[in-house]
Amino acid sequence: MPTYEPHLPRTAPQDRPTSPRTPSLKSPTPAPLPTAPLPTAPTPSAPASSRVAKSAAQPEPSPTRRKFVAGTLGAGAAAAGLTALGAGGPLAAPAFGAPLVASGSGRRVAVLGGGMAGLTVAHELAERGFQVTVYERKSLGGKARSIPVAGTGSGGRRDLPGEHGFRFFPGFYLNVPDTMRRIPFPGNPNGVHDNLVDAPEAIFAQAGRPDNKLILPDGGIDSITPEALRAALKTMANVAGQVPWWEIAFWAEKMLVFFTSGELRRRHQWEYMPYSEYLQMDKMSEAYRNILVRSFTSTLVAAKETVASTRTITMMVEIFLWTMLGRGNEGAPDRVLNGPTNEAWIDPWHTLLTSLGVEFRVGWTVTGLDYSGGRITGARMTDPSGNAATIDADHYVLAVPVERAVPLMSPALVAADPALGRLRRLQTDWMNGLMLYLKRKTPITHGHLAFMDSPWAVTGLTQGQFWRNDFAATYGDGSVQDCLSLDLSDWDAPGIVYGRSARQCTPRQIVDEVLAQLRANLDNGAAIVPDSLIHSWFLDPGITGSGTPSVANDEPLLVNTIGSWDDRPEATTRIPNLFLAGDYVRVSINLATMEGANEAGRKAANGVLAAAGSSAPRVTIHEMYQEPALAGFCRADDLRYRLGLPNAFDVLKPYWP
Ligand SMILES: Cc1cc2nc3c(=O)[nH]c(=O)nc-3n(C[C@H](O)[C@H](O)[C@H](O)COP(=O)(O)OP(=O)(O)OC[C@H]3O[C@@H](n4cnc5c(N)ncnc54)[C@H](O)[C@@H]3O)c2cc1C
């Protein structure tokens with residue numbers, strides 16, 4: 001039976017029956033602190049609640065990790081040795097991912113980092129006969145991995161599933177689904193891809209307002225049902241009741257301007273304009289700011305509208321629109337996995353890659369890159385026992401997140417390729433998950449929830465309804481029926497219970513705050529998520545020292561600030577055997593996502609193929625959908641941009657180049 005946190009008390013402040021949807025949400029005056037003592041929060045200094053802190057400090061006991069540890073021990077001296085990359089070629093040809101072409105010399109590849117980008121590189125190169133070893137400091141899957149809550153499973157059940165943040169697979173992703181189709185999964189004709197299930201509803205909840213519900217068409221306009229139409233009209237009426245019509249017209253016009261902007265204007269004008277400025281946020285109503293601006297920045301992608309690039313964010317608005325209309329889609333507009341990410345995706349991927357001969361070294365941290373004679377000559381590592389080692393390979397793919405790549409960029413590397421020095425200009429922000437384990441199945445809606453007036457930009461979904469296995473029978477001690485997985489995308493804004501930011505709150509205060517914000521936004525929120533529903537909770541263990549001055553986030557997320565494209569690197573570098581893979585690399589989706597990381601991994605793999613002189617077919621790169629019907633407008637706009645003119649539709653406060 002998990003004891004990592006007791007049930008929330010019925011007297012907790014967020015359970016007060018007083019109007020949970022009061023506009024006080026926006027009030028600068030914080031709500032009074034609770035008088036009832038709160039249960040002990042699992043701060044790192046509190047041994048009684050060490051389970052959360054322990055998870056952060058120790059390797060995560062995912063099945064992937066367990067399998068790997070066994071493999072590593074077996075590898076023994078070879079793993080601890082200094083140079084050998086796995087010599088094993090592909091094993092018996094699997095049904096999926098059969099090796100394509102084995103190339104000649106220069107086939108040893110060290111992939112440094114085992115997240116989405118690193119696994120993609122390993123997959124593509126192993127299929128092409130390269131000898132790949134993945135070195136990962138923590139756990140395979142990176143930010144996309146599951147984080148089981150150690151010690152919570154009993155009676156033959158698995159540990160409760162936690163995660164860094166819930167996973168959302170929009171219909172416009174093309175690279176990730178292609179990879180998924182190539183990973184076998186028992187009983188699935190299309191491999192892991194068949195583990196994606198539609199999430200056809202979405203609620204955009206607002207404090208003091210009826211929920212805005214959308215039913216997403218899964219096959220474009222033709223698939224819009226009367227029910228979906230009614231929900232859309234109701235939501236539009238609700239928005240129109242709050243945002244003045246001329247502000248809506250301004251927003252719509254600026255969207256049209258962007259959609260018809262040519263590549264030149266997008267790249268050279270919109271890239272450098274903050275999203276808030278493009279939409280004139282300062283001059284508009286609070287409702288405009290919350291609904292039409294922030295819903296796509298803080299709520300969706302942890303971006304701050306004042307620093308986020310217009311090009312990045314408006315491109316997301318655009319692609320979501322096409323997805324809703326069924327244009328360029330690979331699948332339904334919103335999809336999720338039918339189980340924890342490791343079970344549904346990462347573990348089968350690991351199995352496939354192992355069968356292709358990829359070797360995994362989990363617990364290995366790259367600490368430096370040796371450079372001599374114009375090439376990388378070795379990667380300095382710390383092994384799981386803390387010993388220093390140097391590994392060598394023919395090609396090195398650095399697939400760590402940008403904030404981990406920066407310290408590796410020595411003066412010699414920067415001198416060889418100045419783009420590597422510009423990585424330090426890229427910025428990250430915090431976006432992390434909180435899991436609420438529930439005693440009853442609680443399908444609030446069959447899809448995602450966005451709490452639009454929550455200062456901490458909270459989004460979430462209840463997962464049990466999508467999962468193939470019965471939750472209580474599969475996980476925990478049998479008393480947990482569901483999991484409300486939440487992402488917190490603003491860790492700086494003051495909350496409504498304690499008046500403190502998420503960074504300043506203890507984990508337990510974070511739970512109180514999130515519950516209060518959720519209840520304040522959701523129609524009938526206090527009744528839908530009462531205290532009696534909450535079994536326990538789990539905060540991303542990447543957050544440490546919460547509520548203390550030394551609060552830290554081990555895994556922040558890249559944010560696309562204005563002009564950051566200039567500082568983002570290509571997957572190939574000027575060092576012929578060094579490649580970069582990660583969500584910060586220049587790719588067509590232009591947003592830190594699994595899709596971006598996958599596309600970057602594909603580009604890095606192609607770089608290796610070229611450098612090795614391989615004759616293997618190049619990896620297909622799927623670029624973001626562009627609507628052909630607008631191509632003529634976009635071409636014409638390129639000309640207008642060259643002539644120094646605003647976009648032809650830019651008539652309300654036009655922006656000149
Ligand atoms: C809360 C949250 C929710 C998200 N939700 C979604 C979503 O719904 N859909 C979506 O598409 N994207 C989502 N994203 C974004 C997505 O998860 C990331 O962009 C993507 O997973 C990044 O993959 P990556 O391989 O570039 O980096 P990472 O996932 O960070 O992988 C890098 C790996 O390198 C390892 N590493 C770090 N340093 C070292 C070192 N020195 N030596 C060896 N290994 C090292 C890390 O442990 C990690 O495993 C979300 C992000 C967050 C934070």
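**A ligand shell and the elements around it**

Student: Which helices and strands each supply at least two residues of the shell around the ligand?
Tutor: This is a predicted model, in which local features need pLDDT of at least 70, side-chain atom pairs count only at pLDDT 80 or more, and totals for chains, interfaces and linings use all residues. Residues are numbered from 1 along each chain as its sequence is written. Helices (DSSP H or I, at least four residues) and strands (E, at least two) are DSSP runs numbered from the N terminus. Each supplying at least two shell residues are α3 (116-127), β2 (131-136), β8 (365-372), β13 (432-438) and α20 (594-611).

Student: Which of the 36 residues around the ligand come nearest?
Tutor: A residue is near a molecule or strand if its C-beta atom, placed from the backbone, lies within 6 Å of it. By class, the shell has 15 nonpolar, twelve polar and nine charged residues; nonpolar means Ala, Val, Leu, Ile, Met, Phe, Trp, Tyr, Cys and Pro, charged means Asp, Glu, Lys and Arg, and the others, Gly among them, are polar. Of the 36 residues around the ligand, those that come nearest are Gly113, Gly115, Gly142, Gly165 and Phe168.

Student: α3 is on that list of suppliers. How many of its twelve residues are buried?
Tutor: A residue is buried if 20 or more other C-beta atoms lie within 10 Å of its own, exposed if 12 or fewer, and partly exposed in between, with C-beta atoms placed from the backbone. The buried residues of α3 include Met116, His123 and Glu127, and they pack against β1, β2, α4 (175-181), α12 (341-355), β11 and α20. So α3 is largely enclosed by the rest of the structure, its buried count being twelve of twelve.

Student: In what order do the five strands of the open sheet with parallel pairing stand?
Tutor: Strands pair if DSSP finds at least two bridges between them. The edge strands here are β7 (359-362) and β21 (578-580), each pairing on one side only. Between β2 and β7 there are four bridges in the parallel sense, and Glu136 stands opposite Val362 in β7. The order is β7-β2-β1-β11-β21.

Student: What angle does the direction of α3 make with that of β2?
Tutor: Axes are lines fitted to C-alpha atoms, for helices over the stretch in contact (C-beta atoms, placed from the backbone, within 7 Å). Angles run from 0 to 180 degrees between N-to-C directions. α3 packs on the sheet, touching β1 (108-112), β2 and β11 (395-398), and the angle with β2 is about 170 degrees.

Student: Why is one side of β5 and of β17 left without a neighbour in the sheet?
Tutor: These strands belong to an open sheet of seven with mixed pairing, in the order β5-β4-β14-β15-β16-β13-β17. β5 (212-215) and β17 (534-539) stand at the edges, so one side of each lacks a neighbour because each has a single partner strand.

Student: Where is Asn524, which has a positive phi?
Tutor: Most residues other than glycine have a negative phi. Phi of Asn524 is near 60 degrees, and the residue is exposed, with 11 other C-beta atoms within 10 Å. Its place is the loop between α17 (507-521) and α18 (525-528).

Student: How many residues of α5 are buried?
Tutor: Helix α5 (residues 226-240) reaches 21 Å from its first C-alpha to its last, close to the 21 Å expected for 15 residues. It lies largely in the open because, of those 15, the number buried is one.

Key:
The expected span of a helix is 1.5 Å times one less than its number of residues. Two residues are in contact if their C-beta atoms, placed from the backbone, lie within 7 Å.
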